[in-house]
Structures are given as structure tokens and as C-alpha cells.
Amino acid sequence: MTTLLVIAKEPRPGRVKTRLTPPFTPEEAAGLAEAALADTLAAAALVPAGRHVLVLDGRPGPWLPPGFEVVPQTGGGLDARLAAAFAACSGPALLIGMDTPQVAPELLAPALCWERYDAWFGTAADGGFWALGLARPAPSLLLGVPMSTPRTGAVQHERLLAAGLRVGDLPVLRDVDTAEDARRVAAEAPGTRFAARHAELTAAATGAGR
């Protein structure tokens, strides 16, 4: 059975979503991050994986639903932390982040099937990636990939192909990094906690003349 990994930071002001400030305050940015994380975990919990694991930088809070194992992130750069998350899995694993609150169980379900593919890949609209699945987790496939650049997704995808893996593509999703990203994702997923929190904050800002 596939292990579903969610890698995330505890949503504390000043530690998450710093590119949302301004126009949002650090507390508001953390609130948006918490909503995004809660949406992501709720969707992941509905995916019939063998294990659900939150790979967390920080401490769990009330946003954590039941059914998740919580393990700490290792040190090092993001490539090393992603590699370590896969290294802890003995079988197929699918990893997603906390920046795509519009994710839904039906988007992730295909990546539990390994008959045709050795890897699954979800490209992010900013050039990164939001999902990576490996039938046989190999940390070396991630180590050294430059993270948080417009070429991150392309480099990682090329790394998979160069290893001779058959790669299945998941839909392109937009990460929430900037205020414009937040606006667009909230509009695309109006029924989410993230959209509700975004609406509250933008309405309050309009009322305050911000």
C-alpha cells in the first residue's frame, strides 16, 4: 500500500508564507497557511492510502485531523528534507506539500496506482512541483535538485526520466506563494477553508481601507 506524505511547516506568524506580507500581516499570513494546511490534510485523509504521514517542521495543532502519523522533518535544504521523507518509506510513497489547498482526493487517487508508472509528478504553475510519487523511493532522485526556482519542476522531472522511470502526470496546480496566488486559488476553490479565510481577510482589509 502507498504511504501518503504531507510535508509542512507549523503555521506560526513570521515562519510561514512570508511572501504574503505585505499586503497581509504575519498573523494573517499564518492564518491563511493554517487554512491551506487544514484543507490539504482533510483531502489527504480521504485518500485510501496505507499510511497517512505528516512530515512536520514544528508542533501539531488543532488543525491536525485523526489518522495521521506525525514525524519531524530532518535538517538541511528542502531537497534533503524531501529525500529523507521518502527514505523513511519501505514501499510506494506519494508526497505533497501544504501550499495547494485546492487539492482534492480525486486528484490524488490515480497516484496510488503503480501498474503503468514508476513515478507520479504534479507540476506547479510557478515552475516547481506540488506532488511527487515514487513506486520505489530513492532519495538520490531528489538530492541536489535546486529548490524554489522556476526550473525546479523541470529539473526534477528530467531527473526521473533520466533514471528510466515511467512518469505519470498529475494536473498542474497553483501554489499559494504570493497575494495574487492566494486570490486566484481562493477563486478556484470557493468551498475551502482557505477561500473562506481569504474572503474574511480581504473583506476586513477593504472595510479598514487597507
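Here is a quick briefing on the pocket, helices and aromatic pairs of this structure. The model is predicted, with local features needing pLDDT of at least 70, side-chain atom pairs counting only at pLDDT 80 or more, and totals for chains, interfaces and linings using all residues. Residues are numbered from 1 along each chain as its sequence is written, and side-chain values use heavy atoms, with hydrogens and water left out.

**The largest pocket**

- The largest pocket has a volume of about 930 Å³; a pocket here is an open set of points on a 1 Å grid over the protein atoms alone, where a 1.4 Å probe fits, with protein on both sides within 12 Å along at least five of seven lines.
- Its lining runs to 33 residues, with L78, D99, S148, D175 and D177 nearest the centre; a lining residue has an atom within 4 Å of a point.
- By class, that lining splits into 15 nonpolar, nine polar and nine charged residues, where Ala, Val, Leu, Ile, Met, Phe, Trp, Tyr, Cys and Pro are nonpolar, Asp, Glu, Lys and Arg are charged, and the others, Gly among them, are polar.
- β1 (3-9), α2 (78-87), β4 (93-96) and β6 (129-134) each supply at least two lining residues, and β6 gives the most, with four. Helices (H or I, at least four residues) and strands (E, at least two) are DSSP runs, numbered from the N terminus.

- Over in α5 (residues 179-188), D181, A182, V185 and A186 are buried. They cover an arc of only 125° around the axis, so they sit on the same side of α5; the arc is taken from the directions from the helix axis to the C-beta atoms.

**P139**

- P139 sits in the loop between β6 and α4 (152-162) and is partly exposed at 27% relative accessible area, a class running between the buried cut-off and 50%.
- Leaving aside neighbours within four places in sequence, P139 is in contact (heavy atoms within 4.5 Å) with A83 and A87.
- P139 and D79 are 60 residues apart in sequence, yet 9.0 Å apart in space, C-alpha to C-alpha.

**Aromatic pairs**

- There are two aromatic pairs, counted when ring centres of Phe, Tyr and Trp (its six-membered ring) lie within 6.5 Å.
- Y117 and W120 have ring centres 4.9 Å apart and planes at 65°, so the pair is edge-to-face (over 60 degrees).
- F121 and F129 have centres 5.3 Å apart and planes at 40°, so this pair is tilted (neither edge-to-face nor stacked, which is under 30 degrees).
- W120 is buried at 8%, F121 at 1% and F129 at 14%.

Key:
Buried means under 20% relative accessible area, exposed over 50%, partly exposed in between (1.4 Å probe, protein chains only). Grid points are joined across faces, edges and corners, and a volume is the space filled by probe spheres set on the points.
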